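Please look over the sequence and the model below before reading on. The briefing is meant for someone meeting this structure for the first time.

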Amino acid sequence: MSALKKTVLTVIAAALLPALTAAPATAVTDFSKADKTDNRNKQDNSVPNPPSSMSTVGGPLLGKPGTQVSLAAGAPVLPKNLTGRSWIVADAESGDVLASHNAHWQLPPASTMKMLFADTVLPRLSKDEEYTVRRTDLEGVGEGSSLVGVKENQTYSVHDLWLGVFLRSGNDAVHVLSAMNGGVSQTVQDMQDHADELQALDTQVVTPDGYDEPGQVSSAYDLTLIARSGLQKKDFREYCSTVRAKFPGEQKPGKKRETFEIQNTNRLLTGDLGVEPYAGIAGVKNGNTTHAGATFTGVAERNGRVLLVTVMNPSSDEGQAVYKETASLLDWGFQAAGKVEPVGELVPPKSARTDPSGGSEQQDGAAKGSGDGAAGKERPGPANASTASHSGSSGVGVALSITGGVLVLLAGAVFLVNRRWPLPDLVRRLPLR
């Protein structure tokens, strides 16, 4: 049999396997409670039921409402008392979706939308470039936004601004970076184009920072795809795993510029407000607004396996429920790996090419491909931010870096049929003490 025929059969088998073998346990959550509010204008947000039919990107089971999981012998049951409107557990490297709940339900994403912003814009700007903020750059920042403290007429490096985005979820930093990218409208269009390229088709971008606006939606599936794409980039990985860093204060004439410390708002990374740091956590992004509720996408490694979990808008009255439910799903995923049949997969980008031989070729970032379809090249990540994470009180050390310098890149990369577009090698998070 020719190599091409073998590849075709492999692809067909991979596509049919979830539908043929999975026996999902379906249970639609009662979403009769109203949204919890955290800031800005309180409103009546009666929670609707999920659509009866949703996107089937990644597999037909992912388009069904309710919980989708196929447990084999010896597999642990899913955690009890999961209250997220939507969630997903996926193997970050193989792309297998181990379990999901309303995976394609289009919901407000809050600041998890910043993952798409970063994945789109990071490769376009040199981290050493400096920019003096204009008043007009900050005019579009929404009332009640999370801010890092960017001030007009002050100069910041791109590196500083990305620390503000990832650690403090600063909408002010997002708007300044958007100005450097050609403006908010241009950035929104760039983000939408990139979402379409990633096949994150549930995602509709209205603002670059995730601020509540009519029509701005994503899904647990899409946010997981976007996080997986971002994690292909060294600087993205290092920024999202940084615990704390120094941010520039006001530059006063004739005086040395002061700095102040900022800490990552990802509670599973830092630990706070009754949430313990999660062993093996390495990012990615949290969000919280009145309309979206709490949202979170996290990546963690344990015993050589890397999992991605996204949880959107838990209805639980328990404080910090989005982190606690994420931790429970990560625990389950590590225990269930190899004991469940996948119910779907994280699809590759549209531009990823299929290797006709079905081989295991990888492309070196220096010689082939690029870190982003529109960008060009990968640049070194934020070394200073990594150093800052070493000094964190949690004692976790540096989360992520490159081993061997070989990356599997997005645009132009070979889609490996058997390996399903794996993440690059990661130096895993040191054990928590």
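Predicted model: local features only at pLDDT ≥ 70, side-chain atom pairs only at ≥ 80, totals over all residues.

Residues are numbered from 1 along each chain as its sequence is written, and side-chain values use heavy atoms, with hydrogens and water left out.

**Confidence**

- The protein chain has a mean pLDDT of 78, and 70% of its residues reach 70 or more; pLDDT is the predictor's confidence in each residue, on a scale from 0 to 100.
- Over residues 1–45 the pLDDT is below 50, and this stretch has 92 contacts in the model beyond near neighbours in sequence, a contact being heavy atoms within 4.5 Å.
- Over residues 427–433 the pLDDT likewise stays under 50, and here the model has 28 contacts beyond four places in sequence.

**Helix α2 and Asp119**

- Asp119 is found in helix α2, which spans residues 113–121; helices (H or I, at least four residues) and strands (E, at least two) are DSSP runs, numbered from the N terminus.
- Helix α2 is mostly covered, since nine of its nine residues are buried, where buried means under 20% relative accessible area, exposed means over 50%, and partly exposed lies in between (1.4 Å probe, protein chains only).
- Among the buried residues of α2 are Met113, Lys114, Leu116 and Phe117, and Asp119 itself has a relative accessible area of 0%.
- The side chain of Asp119 makes a polar contact with the side chain of His194 at 2.7 Å and another with the side chain of Lys233 at 2.6 Å; a polar contact is a pair of N or O atoms within 3.5 Å, where within protein one must be able to donate a hydrogen and the other to accept it, and residues adjacent in sequence count only if both atoms are side-chain atoms.

**Salt bridges**

- A search of the whole structure finds eleven salt bridges, each being a side-chain nitrogen of Lys or Arg within 4 Å of a carboxyl oxygen of Asp or Glu.
- One of them joins Lys233 to Asp119, with the closest N and O atoms 2.6 Å apart.
- Because Lys233 lies in the loop between α6 (220–230) and α7 while Asp119 lies in helix α2, this pair ties together parts that are 114 residues apart in sequence.
- Lys233 counts as buried at 2% relative accessibility, and Asp119 counts as buried at 0%.
- Arg267 forms a salt bridge with Asp272, the closest N and O atoms being 3.5 Å apart; Arg267 is buried, with a relative accessible area of 18%, whereas Asp272 is partly exposed at 33%.
- The side chains of Asp331 and Arg302 also meet in a salt bridge (3.6 Å, N to O).
- This pair links distant parts of the chain, 29 residues apart, with Asp331 in helix α9 (residues 321–336) and Arg302 in strand β10 (residues 293–302).
- Both partners count as partly exposed, Asp331 at 30% relative accessibility and Arg302 at 29%.

**Arg237 in helix α7**

- Arg237 is found in helix α7 (residues 234–240) and counts as buried at 0% relative accessibility.
- Arg237 and Gly283 are 46 residues apart in sequence, while in space they are 7.5 Å apart, C-alpha to C-alpha.
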